[in-house]
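Open the structure in your viewer and keep the selection panel at hand, for this tour moves from one chain to the place where two chains meet.

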Amino acid sequence: MTASEPFNQAKDVTPHKRFSSGRILAIASNTLTELTRTKVFYFLFIFGLVLLGSSMLSNNFSFGEEFQMLKDVALGAIGIFSTLLAILSTAMLLPRDIEDRTLYTILAKPVPRHDYILGKLLGVFYLLFISIAVMSVLFIILLAHREGIRIGQAALMYENPDDLVAAQNQIRAAAFTPGLWAGLFLILLRACILAAVTLLLSSFATSNLFTIVMAFTVYLIGHIQSIARQYWLESGDLNAFQKVFLSITAIIFPDLQMFNIVDEVVVGRAVPWFLVIKVFGLGTMYILIYLGATLALFRSKEL
Amino acid sequence: MSASTQSCAVKSRRRWLSDGRVLAGALIVIFGLVRLPIEKNIEGQFREFGLRPATLTLELRERLGQSAFIAALGGYRALVASFLWITAHVAWENTEWGRMNHLMQNVVALQPRAWIYWDRAAWHMGWNASVWVRQHGNFPREALTLRAERAYYELALDYLHRGVRNIPEQWELFMTLGHLLADKMNDPCGSSKAYREGSQRVGAPGYLRRFAAYKLAECPGHEQEAYKELRALYLEGKEQRLPTLITKLRELENLLAIPASQRLISPSPPSSPENLNPQKSENTETP
């Protein structure tokens, strides 16, 4: 080895990139591991129990009522668990890294702040995707199982083949309604938006509790604001103050009703895919803007 | 203004612009202004495809209680409706009809597009509650029993009418309406109309057309019209020639004194044992 070799090697080293997908993915997978270590997936047992309980309970009802209730409870539970996961797991990300001093170790290395934030958010998205996918699979298995049982019962009840086919078709139509997949997809999208909002809040929050309370407030306002708007607009007599208040609320807070079609999906409404794509586009815009705002705040944050 | 003051002002403006809070706030506000028309457009399309729930009223807030109302507002109206339905089921098991009706009114207000709730609510009121009142009402006079029964029929009718207004495409609701008017309210004309409406909906079973014709045959003044319909059904083919249809046709041909040459059915029933009483035959259908 000559004396000049180390210098030549240094020249060959690839320059430090401002944006690296490898770094982001590494932080994301690390975030997912950290979240998994907090035993966050234990909630799946509770979800399983909820499903099992509702299935046993709805056994006493007619097949129409049974499927309706099964879907109501399962999609409702998926919605609640995904909301809780999105808010609670994101709210603790930054404060814990600051408390453990992991954040300083990471940022001391050549890792830009935006890579760190992107990786953290992506890690939460992984978690949400895995959780919602597992819950959806459990739900679909149960629904298919109950459908099979009801079809078997129909076979014993009807002797006329035409009547049997008609009854089986009715059972199938009641079980797997067309918009079910779109409903599940939009639950995931809503959870991702909530995670992005929570990360934004936690980037300037002074405590975990503040982030969680504020995120739930945003969630509630996000659902109520469009109903309030509709109610006031239908009543017709809006004063200037109400108009200003409504406009400010609509501009600042996300309209989460845009991503809530579960109530209509469970009753069998079909959702056109072009509409799902439009809502997906809107959801992506929400996530990007909240991410941009988080980066702006985190960049100027004194650590 | 001195040069140093000017430089301070420029620096302060730059600092202000590079402040993350200002940038974040600006991003959110600008995005809020941009997305409003987009959301309005999507909202309009949601309404066009019937994907928007009905408005929650303040009256419902009073009836549901605060926690359930907030859950419903928070995007979980289907879940709240489901739990209320289970509670209504328990009330049914305890024959608490008033409480049951109250709960079911809340369920249908929360989920007005779930036909199953309208249908079952009407069934509980029109069949279960009304029969219970007759058997266990212990009213001192028959007139009071009849009035109580009638009240439950009216409740069932109200559920079905509202259900049909909310989900006009659901044939099942028209069928139950037809059953209620025929079996409980002695209104064959209204029943026939309900069955006919139902038969015109997508996915409606073929027997609704026959039910409509059977009930029309019982509707005073519409015998000729009913005969035409039953005849048309008979001529459609073998699958329509069920014992009830044949019996009704025979009755109408006799009633309308149709000349023998134009009759489809012989004036008297055949003597084979299974056709002696078509009402009890396997293929007999009673609306």
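How many helices and how many strands are there in chain B? Select chain B in this predicted model and colour it by secondary structure: you will find 13 helices and zero strands, so that the pattern read along the sequence is α-α-α-α-α-α-α-α-α-α-α-α-α. Of the 287 residues in this chain, 48% count as buried, and the accessible surface of chain B comes to about 14,900 Å², with 55% of that belonging to carbon and sulfur atoms.

Next, show chain A as well and select the residues in contact, which are 50 from chain B and 58 from chain A. Between them the two chains bury about 4,900 Å², and 66% of this area lies on carbon and sulfur atoms. Now pick out B:Phe31, B:Leu51 and B:Tyr76, which together supply 13% of the area that chain B buries against chain A, more than any other three residues.

Polar contacts link 20 residue pairs between the chains, counting pairs with both residues at pLDDT 80 or more.

Finally, select helices H2 (20-48), H4 (66-93), H6 (115-136) and H8 (171-184) of chain B, the elements that each give two or more residues to the side touching chain A. The largest share, 20 residues, comes from H2(B), and by class this side of chain B has 27 nonpolar, 12 polar and 11 charged residues.

Conventions: Residues numbered from 1 in each chain as written. Chains lettered and ligands numbered in written order. Predicted model: local features only at pLDDT ≥ 70, side-chain atom pairs only at ≥ 80, totals over all residues. Heavy atoms only, no water. Contact = heavy atoms within 4.5 Å. Buried area = accessible area lost by both parts, 1.4 Å probe. Polar contact = N/O pair within 3.5 Å; in protein donor to acceptor, adjacent residues only side chain to side chain. Helix = DSSP H or I, 4+ residues; strand = E, 2+ residues; numbered from the N terminus. Nonpolar A, V, L, I, M, F, W, Y, C, P; charged D, E, K, R; others polar. Buried < 20%, exposed > 50% of the residue type's maximum accessible area, 1.4 Å probe, protein only. Areas by Shrake-Rupley, 256 points an atom, 1.4 Å probe, with all protein chains shown as cover.
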